[in-house]
Structures are given as structure tokens and as C-alpha cells.
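Open the model in your viewer and keep the selection panel at hand. This tour goes stop by stop.

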Amino acid sequence: MIYTLRHLTRYRYGKPVRFARCALRLRPQDGDGQRVLESTLTISPTPRTRIVRRDYFGLETEAVTIDAVHSELRVEALSRVLVERPALPEPESGPSWEEVRLSALASRSLAPEAPIHFLFPSVRVPLVAEVTDYARASFPPGRSAYGGAFDLMMRIRADFRFDSKATTVQTPLAESFALRAGVCQDFAHIMIAALRGLGLPAAYVSGYLRTIPPPGRPRLRGADASHAWVAVWCGQGWIGLDPTNGIGVRDDHILVARGRDYTDVSPIDGIVSSSGSQKLRVEVDVIPEGEAMPPEVAEFERAEPEAATA
Amino acid sequence: MTPPSGSAHETPSQRIARWTAGYRPHAGVPDEFMDDQGRVKGAWPRVLDRLGAMDESEIGARFASAERHIRDAGVSYRIYGDQRDHAWPLGSMPLVIEEDEWRSLSEGIVERAGLMEWVLSDIYGAGSLVAQGLLPAAAVAGSPEFLRPLHGVAPPGGRWLKLYAADIGRGPDGRWRVLADRTQSPSGPGYALENRLVLTRAFPDLYTDLHVERLASFFQAFREGLAVGAQRSDPRICLLTSGPMSSTYVEQAALARYLGLLLVEGDDLVTQDGVLHVRTVSGLKRADVLWRRIDSDYMDPLELNPASRLGVPGLVEALRGGHLVVGNMPGSGILESGALSPYLGGIARHVLGHGLSLPGPRSWWCGDPDALAHVRDHLDGLTLRPVATPGKGMARDAILGPHALEAERERLVSALRDRPFDFIAEEAAPLSTTPGWERGPGGLRLVPRPFVMRVFAAATPEGWRVMPGGFCRISERPDVAPIEMRAGIKSADVWVLSNRPVESVSLIQQGAPRVRRIAGHLPSRAADNLFWFGRYVERAEIVIRLVIAHLGSVGDAVVADLAGDAKAPTALRIRALLDEWGAISAPDLPTVAIAREALCGRKTHGSALAHGLSARDNAASLRERLSSEAWRVLTDLRDALDHDDGEARSEAELLGLAERALSHIAALSGLAGENMNRTAGWHFVDLGRRIERAINTSALAVRFAGDEAGAEDLAVMLSLCDSHITYGARYMHGVALDPVRDMVLLDAFNPRSVAFQIEAIVRHLDELPALRADGLPEPHRRLALQLRAEFSTGEAVDFESATLARLEASFESLADAIAGRYFPNGPHALRPEKLMGLA
């Protein structure tokens with residue numbers, strides 16, 4: 001499947017900003033069953049400097065400084081991506097979770113894709129005893145790592161309530177776990193903590209999900225959103241599992257970045273010299289090839305920072 | 001401290017015998033003083049002979065003077081999370097090591113430091129140790145200090161470590177061994193230096209006679225080492241601190257002063273086009289070298305910890321470009337991770353061809369199945385601890401013993417099942433001991449006390465160099481189980497005794513440094529603090545003067561007992577002003593209560609105490625620029641005013657208190673006037689005072705020298721401006737409006753008049769750097785010149801109430817304009833904001 005993606009971010013400032021320094025992680029990545037056919041990043045006002053480099057995990061990060069006085073920062077990422085992933089493994093297939101744990105640890109590789117990087121607590125994913133205990137039911141001795149992880153995903157899907165009002169982008173993992181509610185970001189973090197708690201490598205993946213408009217209705221412009229899911233190391237490779245929707249990752253998911261948690265992949269990080277308020281507005285479109293861009297423009301405004309929804 | 005004791009007619013040898021008679025090392029624990037046969041070791045007889053020649057009262061007095069110096073100079077540390085400073089505890093007995101033993105110890109330290117450097121460059125570079133299986137990948141990837149953005153970055157100057165430290169003690173076999181490696185940003189060299197400075201002062205002959213090795217040349221070499229890799233020949237070297245809340249801020253300030261480094265916080269720095277700069281009152285100035293005393297992770301919110309408020313966005317990019325030298329490089333802290341220690345011996349054999357001559361205790365990483373099996377079988381004799389101990393400040397120095405973990409043992413065993421690789425186990429061994437004083441029934445005696453010694457090695461142009469000394473922490477508790485060296489510890493000097501007299505070296509540079517008269521560019525943040533320091537001192541002074549006026553002591557016979565009549569309009573207006581300035585909580589309290597609150601109020605933001613404390617806070621951020629005398633006076637001022645609010649006091653007592661406080665303020669003015677170099681720093685302190693005095697005097701004139709002012713008002717006005725004596729001498733016929741206005745507003749010879757302040761302000765601004773190249777006056781200067789013109793050409797009759805009110809506002813605007821020009825990024829200014837998160 002080929003997708004056209006548009007991700008527009010606008011910060012509106014209460015008072016003019018003299019200086020801004022940002023790190024942008026908005027270009028989808030090649031590899032992992034997808035190929036980027038075309039990609040542009042437009043920034044306004046025009047930056048003073050733009051430095052593109054790859055971070056440790058291979059993610060393209062663009063460091064930008066802006067020294068023009070501005071009241072709005074606008075970043076628009078446009079891309080076309082071909083997604084063609086292999087079928088998911090057979091249920092309950094692959095090595096046992098105990099073997100996976102031992103082999104991940106015994107590996108002598110520090111390469112970016114090596115599972116060892118995704119085995120330890122990270123900024124947004126502390127290890128929480130309750131979360132580890134929650135995971136145990138999915139991992140009886142000898143079960144395949146993939147089987148256990150898939151079961152864990154389905155349990156999260158069943159036990160947790162999707163509620164975009166329950167959490168914010170800042171909510172700690174232990175809190176959303178206790179609430180049994182949140183959005184895709186929370187579910188991904190919880191599932192990662194659960195797997196790592198038992199010594200299994202798990203990564204955070206950001207990207208987009210294809211949505212199907214209601215029957216007979218056209219696609220609303222800007223109505224899509226960024227999404228997050230989990231990549232699990234199951235012994236032979238990384239397998240994407242989406243706890244928000246309870247599905248394995250195939251051609252409906254478009255990957256932007258993989259990291260240890262949200263912090264590694266957050267689309268825009270930055271610091272501005274300002275004292276006033278900020279208003280953030282995000283528009284995302286995920287258009288499968290062959291479908292026309294709809295004429296309507298529907299934007300959702302957010303006064304508060306909010307986590308991704310999907 | 002050692003108090004006088006023992007009988008007066010005791011001979012030195014009797015005294016020494018009494019000190020040592022009961023000395024017994026603990027069984028199986030090596031001791032510095034006595035071997036297991038009961039023989040006194042090494043140089044101790046020499047040291048005791050010299051100490052024993054003094055009677056105990058003299059020794060006590062000398063140590064007491066050293067301790068007093070430490071307290072007065074404010075040498076202190078802070079326990080993480082604690083608001084208070086703790087005076088640095090100086091122990092009384094040094095740790096003594098002979099030259100020969102020290103030499104082999106230093107060789108071991110140098111070997112270890114070199115290995116650490118090698119391991120760091122491999123971890124962040126080729127990665128051969130992991131690839132060859134000499135180091136588990138998890139030991140690297142699992143450390144929060146493995147900073148991936150630094151991977152592949154070549155440190156400018158070629159070194160990851162500029163300063164390495166090791167905490168050492170003796171193992172059960174009597175050999176030295178390393179209890180912990182310090183590679184992040186080792187604290188303590190400044191305390192070692194401070195211990196040495198005060199004790200040398202207290203026992204000058206002792207150091208010379210006993211041939212104690214000096215420390216100065218080590219620091220000189222360290223400073224030279226810091227500059228290696230800088231792109232300019234005369235690099236600007238900064239010490240990056242997290243600020244006065246850091247547990248070791250005072251140490252950092254002392255080191256900055258001693259080594260001649262610019263003490264900066266993250267806010268002082270900015271990167272521009274890949275180059276690091278300091279924000280100074282003369283604009284941006286390039287910073288070539290950073291000696292960081294904040295943890296790596298906080299160095300750059302853009303590429304490292306995004307929550308950091310302490311670092312500099314873009315700093316890692318500057319490192320990548322090679323335009324900046326940082327010691328130690330961010331990411332160096334990974335070597336403090338326990339996961340490395342079991343593998344260091346093997347790495348040493350691989351790299352050096354032989355094992356470490358200064359090894360650590362035996363240890364096991366529980367991620368290795370064989371090691372885990374061993375640990376499970378021997379849990380009781382081992383110290384089990386998390387690989388990554390998250391630590392802050394002094395807490396990082398903690399050594400966890402098995403009993404410290406006993407309560408958690410169960411939880412740990414369960415954690416060992418899920419994630420064994422998060423733990424290492426170490427052979428549990430008690431700390432070795434060294435003599436410390438204890439008071440027994442017959443006087444003082446020496447007893448064995450557990451200790452940890454920190455030894456420092458600096459990367460210098462000539463290679464690694466070890467500080468001949470160090471800083472030693474000695475526990476006051478006699479038990480020798482490994483203890484957390486934090487509560488109940490004393491520090492001690494470490495004496496390396498040479499066989500020959502030692503040469504004295506101070507920090508006078510070899511070669512020919514360029515002679516300079518300006519001590520570099522003043523960082524904007526420091527300027528801001530200096531400016532506000534001046535303003536707060538002046539505010540404290542005027543509140544005290546108001547209280548004195550309030551208490552009726554308004555000069556000679558001009559006005560009698562104002563406060564006695566609370567209904568008198570002048571007295572009411574004094575109360576109203578104190579209320580308006582936030583010095584008191586209500587204007588209608590009893591006279592004594594008003595005075596007490598305005599002077600000593602802890603809850604009122606405008607009391608003299610509150611201003612004094614604010615001045616002290618500003619001074620606390622300026623420790624490297626402030627003399628210890630000034631700090632002492634500020635402490636005296638606080639102590640004079642800081643009394644319990646509820647304490648009943650008479651008017652006379654309060655008056656005495658106010659006058660004492662005034663004399664401390666006068667002492668501060670004297671120190672600033674006579675002892676501060678006339679560089680930018682002094683200009684800002686004095687600017688702050690002058691501006692504040694101009695604002696206050698204008699405000700006072702509105703109230704006490706307005707159009708309707710009566711004789712009492714004018715007398716108060718003169719008194720508040722400390723001008724009544726001059727006035728009495730100049731005008732024989734008593735107070736009148738125009739002469740008073742002339743004296744307090746326009747008389748440019750009166751140091752209390754507004755005209756005097758504006759003249760001084762203009763002079764200061766003339767001498768401070770201008771940023772505009774087009775020769776036009778900057779806005780703040782234009783405003784100052786307008787005000788000066790008004791005061792130098794005006795006459796007393798022109799200054800009516802409305803004019804006075806306008807002038808008060810103009811001086812406020814001038815203060816804002818100066819702040820906006822010189823410290824737009826100072827602590828009183830707006831801080832940069834993070835972009836808010838998004839999905």
C-alpha cells in the first residue's frame with residue numbers, strides 16, 4: 001500500500017518569540033517493511049540553521065534554530081511511503097520467552113537494532129512491580145515469546161479503557177496503569193514496561209494508522225492522528241504489536257520512528273525564548289493511494305498538550 | 001574538636017603514651033597506625049612526637065581556629081534535598097602515608113586512570129570490548145550514563161577524562177584497593193585543598209618539619225590539562241555549576257576562584273552556530289573549555305535529558321564540531337556503573353598485558369548465569385546492589401553494605417529472578433581504619449576509625465598526575481562494617497610525608513603570563529546578582545532607618561519622641577510607609593510590635609531581615625567573587641536580625657538591635673568601597689545601591705518633604721537621609737522645606753542626596769561596556785542623562801510633590817532599563833520555555 005502523509009504542527013505564541021531551537025523527528029523511516037518514496041519538511045519562519053543527522057538508532061533528526069521574531073511556528077511534513085510487510089508469525093510460534101531473554105542478554109552487539117538497548121528502564125518507562133506482575137499471567141514457563149506478547153497485547157486491549165481525557169502526555173506510567181485508562185501512548189508504554197519487567201526487549205514505535213471513513217462518508221481532512229505501538233523482540237526479529245487496537249502490525253501501520261520510549265521519538269522537541277502562552281495545533285492526514293483528498297477541512301484545536309489518539 | 005584536657009605537668013612522652021596506650025585495631029581489619037603485632041607503623045612516631053610536643057590545650061586551640069575559619073569562610077556542603085548548608089566537618093587527625101608507599105599507590109592510580117580512559121574511548125568508539133566478549137553489551141546499553149548521542153564523538157583534545165578519582169581503602173590482606181571509581185565529575189579536590197589551607201594556617205611548622213607534600217603544583221598541572229584541546233591559545237575556561245543549590249557549590253566556587261576559572265550556570269551559556277558562548281555584560285564571549293560539575297545527562301536538554309534546566313541546548317553539537325572541550329566528557333559517568341567492575345581485571349589483562357595493581361573487591365555481574373549461580377550460593381557474604389544506583393550529589397558517595405539492604409533482601413531476591421542483570425554482588429569487607437580522637441576517662445586517646453580516602457588524578461600535558469594527598473572521610477562511629485559515609489563523618493587531610501624537605505609551589509604560573517587589569521568579562525547572571533545584592537542591602541538599610549525613626553530616635557532635639565504619640569501625623573506616615581513596603585503586616589500594631597516585625601519579621605517580605613536574606617541569597621550565587629569577610633558580615637547581619645518573632649523586646653533593645661544591624665551594613669559598604677576591585681562587578685553592586693537609594697529617597701521625599709510637609713516631617717526626612725548633623729551645621733535656624741529639599745535631593749556633595757546618586761549612576765554607566773557601535777546612547781543611558789540634567793539644573797522650589805512622584809517612577813524605569821540591557825537572561829528575567837509536548 002502507498003500512503004500520502006501530511007503532518008502539520010503549529011505553535012501559536014501569546015508573545016512573540018525571539019529565538020527557537022528545535023529537534024524535529026517527522027520523516028518516516030526506510031526499512032522494516034516500508035520505503036519512503038518522497039519526503040519534504042517545510043518550516044516557517046525560515047530557520048537560521050538546519051542540521052540533519054541520524055541519531056544512534058538511525059532516526060533522522062533535524063536540528064533547527066530560528067532567530068527571526070515570530071508568533072507562529074509551523075512545521076509541515078509531507079511524504080509518500082510504500083508499506084509492504086510480511087505476514088505475522090504463526091500464533092504461539094518461535095523460541096520460548098526464557099530463551100529469548102537469555103539470547104538477548106548474551107548478544108555481543110551494540111548495533112542500533114540490537115535488542116539489548118530495549119531491555120532497560122528508560123525516561124518514560126520505569127519498571128513498576130505491579131506492571132511486571134500484570135505481565136506474568138501471559139508468560140507461563142516455556143511459552144513462546146511471541147505467543148506471550150500477543151496475549152499480553154490482547155489483555156491490555158480488553159482491560160484498559162481508551163479515554164483521551166484520562167491522561168496527558170505527561171502522565172506517569174504507573175498512574176495510567178492504575179487508572180486502567182489512557183491513549184495509545186500510555187498503552188504502548190505500559191506494554192513495554194510489562195515486557196521489560198520480565199527481561200524481554202521491547203521498543204516504542206511512533207507512526208500513523210490507516211483509518212477507514214464511515215461508510216458512505218468522505219474522509220475528513222486533518223482528522224487522522226499520529227499513533228504509537230510496540231515492537232517486541234521475539235528472538236528472530238522485531239514484531240509490531242498494537243495494544244490500542246489489539247492487532248499485529250502489517251500494512252495499515254506507517255512507521256516514523258522506533259526508540260526506547262516516546263522521549264526518543266517525540267516529533268518536535270524544543271526550547272523557545274518566550275514568556276507567553278503556547279497553543280499547539282496538530283493536523284494529520286493519512287491518505288491511501290487512490291483515494292481523493294476530501295474538500296472539507298476539519299481541524300481540532302488543543303489548548304492543552306494531549307497525547308496521540310487513534 | 002579537641003578540648004583542653006590532661007594534666008599540665010605531663011611530659012610529651014607521657015602524653016603520647018596516654019594517647020596510644022589503649023589503641024587496638026579491630027581483629028582482621030587493617031589499620032594505618034598499628035600492625036597486627038601491635039607495632040606502631042611507618043611515620044606515625046614522627047607525627048606523634050611533633051603533636052605531643054604541644055599540650056592538648058594548644059592543639060585544641062589550633063584546631064578550633066581552623067574550624068572557626070571553615071565556618072567563617074562558609075566552607076560548607078549541602079545534603080541533597082536539604083535547604084541548609086552544613087559546615088564542612090574537619091576531622092582532627094590527618095591520614096598519614098609515607099612517600100614510598102604513596103609512590104606505588106599513585107602508580108596504581110595512574111594505571112587505573114589510563115585504563116578508564118581507554119575503556120571510555122572504546123565504549124564510545126570502536127566497541128571492541130563488547131564485540132570480543134570482554135564486556136557484556138548489557139553493561140554498556142543498560143547504563144543510564146551510556147549517552148548514545150556521544151557515540152562516535154571524538155573528544156576535542158583526545159581525552160574523555162580530565163579528572164579521575166578513586167575511593168580507596170585497604171582490603172583484608174592489607175593491600176590498597178579501589179572501592180569506587182569516580183569518572184562523572186569527581187567532587188572533593190576543593191575540600192582537600194580547603195582542609196590543607198586551614199590546617200597549614202593552624203600548624204604552619206608541622207607541615208614544613210614533617211615534609212608534607214604540597215598540593216599547589218597538582219592544581220597548576222590540572223589547570224594546564226583542562227586547556228588541552230582548546231582552539232585558542234589563551235582559552236576561556238569555565239566551571240559549569242548547577243548553582244547554589246548544589247551540594248558542593250561552595251567547593252565549586254572555591255575551586256573557580258583558586259584556579260581562576262569563570263564560574264557559570266547553564267543560563268550563562270548559549271551556543272551559536274556550533275560555538276559555545278558566555279553571556280556577559282559586554283555581549284557574547286566565546287567559551288573554550290568547560291569543567292563540568294553537573295551530571296552529563298543534564299548538559300544538553302536538546303540531545304540528552306529533555307527535562308534538564310541546568311544545561312545548554314546545542315552543547316553536544318558544539319562538541320561534535322570540535323569547538324569545545326569538556327572535562328569530563330559527557331557520558332564518562334558510565335564507568336561508575338557497577339556492571340563494569342567484574343570485568344575490569346580481564347580488560348586490564350587484555351589492554352595492559354597484566355592485571356590491575358590496584359584492583360577493586362571481587363565482584364560478580366548477576367546477568368552472567370554462572371556468576372548468578374555463585375551469588376545465589378553465597379548471598380550472606382556478599383553485598384548485593386543495583387548496577388545503576390541513581391545518585392545525586394553527595395548521595396552518590398554512599399557505599400551500600402549488606403545490612404543496608406537487609407530490609408529489602410526479599411524484594412531483591414524476587415528482582416533477581418525477573419531481571420538478574422540489574423544487579424552486581426561484591427565481596428563484603430569492612431572498611432580499614434585510621435586513628436581518630438576520642439575522649440576517654442583520663443583525657444583524650446586515639447582509637448581506630450573506619451575511613452575512605454579519595455585520591456585524584458589529573459590528565460595533564462605530561463600525562464596523568466596524582467594529587468599528593470587527597471580527601472579522607474572518617475566515620476565517628478567505631479564499627480567497621482561498610483557504612484554510608486554521610487551522616488556522622490568528618491573529613492581529614494591526607495599527609496604524604498616525604499623523606500626530604502619539600503619545595504613550596506603556589507599557583508604562580510611558570511612562564512610569563514600576560515599582565516591584565518580587567519578580570520575578564522562579567523557574566524550577565526553574575527551582574528544581575530551583584531546589582532540585586534546592592535539593591536537588597538540598600539533596602540535593608542532604609543527599613544532599619546525607618547524603624548529607628550519610628551522608635552523616636554530621630555536625631556537630637558529637633559523632634560522629641562515621635563513614637564510616643566502614635567496619633568502624630570508623621571508617625572502615622574512612617575507606619576503607613578512600612579506597611580506599603582511590606583515590612584509589617586498591619587499599620588496599627590503596638591509600637592514595639594511594629595519595630596520588631598519590620599526588623600526581624602520572617603513572614604513579612606519587606607522586613608530588614610527579609611532583605612538581608614535576599615542579599616545573602618544573591619551573594620550565595622557569587623561566592624567566587626565575594627571575599628570571605630563580606631560573607632561573614634552578611635552572616636552577622638542575618639544573625640543580628642534573625643530572632644524569634646514572638647520574643648518580647650523593649651524599645652531600647654530593638655533600637656540597639658537596629659543600630660547593630662546598621663553598623664553591619666556600614667561594614668559591607670566599607671568592604672565594597674575599599675576592597676572590591678573597580679571592575680564591572682563593583683560597578684553593578686554600586687549601581688544597585690545607588691538606584692535603590694535614589695528610588696527610596698524620592699519616595700521618602702514624596703511623603704516627608706512634600707508640599708505640605710511640617711517640621712516633624714522634615715526632621716524625619718533629614719534623619720532618614722542621615723543628614724541632620726550636616727543640616728544643623730549648615731542652617732542654624734531650624735528646619736524649612738527648601739533647604740531640606742536642597743540637601744536631600746540636589747546637593748551633589750551629600751552622599752545621601754538623589755543628585756549624588758544620579759551622578760554616580762551616570763559615571764558607572766560611562767564605564768560599563770556599550771554594545772552599540774553607532775555612538776548613539778543606549779536607552780538606559782539616555783534616561784540616566786535626562787535625570788542627571790534635571791537634578792543638576794533644578795532648584796529646590798521646582799521639586800513639588802507631583803514632580804517627586806514622577807521622579808520616583810523614572811528611577812524605577814531606569815532600573816528596569818539597566819536590567820533589560822545588561823542581564824536579559826539573568827535570574828530575575830524570563831526563562832526560556834520548553835515547547836509543550838505533542839502527539
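In which loop of chain B is Asn328(B) found? Select the stretch between strand S12 (325-327) and helix H12 (341-352) of chain B; Asn328(B) is in that loop. Bear in mind that this is a predicted model. Now check the backbone here. The peptide bond joining Gly327(B) and Asn328(B) is cis, with omega about -15°.

Go next to chain A for another cis bond. Select Ser44(A) and Pro45(A): the peptide bond from the one to the other is cis, with omega near 0°. Pro45(A) sits in the loop between strand S3 (34-44) and strand S4 (49-54) of chain A. Most peptide bonds are trans, and most residues other than glycine have a negative phi.

Is Glu92(A) buried or exposed? Glu92(A) has 12 other C-beta atoms within 10 Å, so this residue is exposed.

Then pick His211(B). Its phi is also positive, near 60°, and this residue is other than glycine. Look for His211(B) in the loop between helix H8 (204-209) and helix H9 (216-227) of chain B. With 17 other C-beta atoms within 10 Å, His211(B) is partly exposed.

Stay in chain B and select Asp588(B). The loop between helix H17 (569-580) and helix H18 (591-600) of chain B holds this residue. Asp588(B) counts as exposed because 11 C-beta neighbours lie inside 10 Å.

Zoom out to chain B as a whole. What share of its 839 residues is buried? Buried residues make up 52%. The chain has 28 helices and 21 strands. Among contacts in chain B with a separation of 6 or more, 73% come from residues 24 or more positions apart.

For one helix of that chain, select H2 (residues 44-52) of chain B. Val47(B), Leu48(B), Leu51(B) and Gly52(B) are buried there. They cover an arc of only 125° around the axis, so they are on the same side of H2(B). An α-helix has 3.6 residues a turn, so residues three or four places apart point the same way.

Move to chain A and show helix H2 (residues 129-136) with helix H5 (residues 184-197). Their axes are 8 Å apart and the packing angle is about 80°. H2(A) is therefore roughly perpendicular to H5(A). At the contact, Val131(A), Thr132(A), Tyr134(A) and Ala135(A) of H2(A) meet Ile190(A), Ala193(A), Ala194(A), Leu195(A) and Gly197(A) of H5(A). By class, that contact has 7 nonpolar, 2 polar and no charged residues.

Now the core. The largest nonpolar core has 221 residues; Ala149(A), Met191(A), Leu195(A), Ala202(A), Val230(A), Val232(A) and Cys238(B) touch the most other members. Strand S17 (residues 443-460) of chain B supplies the largest share, 10 residues. Another core, of 104 residues, lies apart from it and includes Val537(B), Leu609(B), Ala661(B) and Leu768(B).

Finish where the chains meet. Here 45 residues of chain A are in contact with 32 residues of chain B. On the chain A side, S14(A) gives the most, with 5 residues. By class, that side has 23 nonpolar, 17 polar and 5 charged residues.

Key: Residues are numbered from 1 along each chain as its sequence is written. Chains are lettered from A and ligands numbered from 1 in the order in which they are written. This is a predicted model: local features need pLDDT of at least 70, side-chain atom pairs count only at pLDDT 80 or more; totals for chains, interfaces and linings use all residues. A nonpolar core is a set of buried Ala, Val, Leu, Ile, Met, Phe, Trp, Tyr and Cys residues joined through C-beta atoms within 7 Å. A residue is buried if 20 or more other C-beta atoms lie within 10 Å of its own, exposed if 12 or fewer, and partly exposed in between; C-beta atoms are placed from the backbone. Helices (H or I, at least four residues) and strands (E, at least two) are DSSP runs, numbered from the N terminus. Two residues are in contact if their C-beta atoms, placed from the backbone, lie within 7 Å. Ala, Val, Leu, Ile, Met, Phe, Trp, Tyr, Cys and Pro count as nonpolar, Asp, Glu, Lys and Arg as charged, and the others, Gly among them, as polar. The arc is that of the directions from the helix axis to the C-beta atoms. Axes are lines fitted to C-alpha atoms, for helices over the stretch in contact, and angles run from 0 to 180 degrees between N-to-C directions. Angles under 35 degrees count as roughly parallel, over 145 as roughly antiparallel, 65 to 115 as roughly perpendicular and the rest as oblique.
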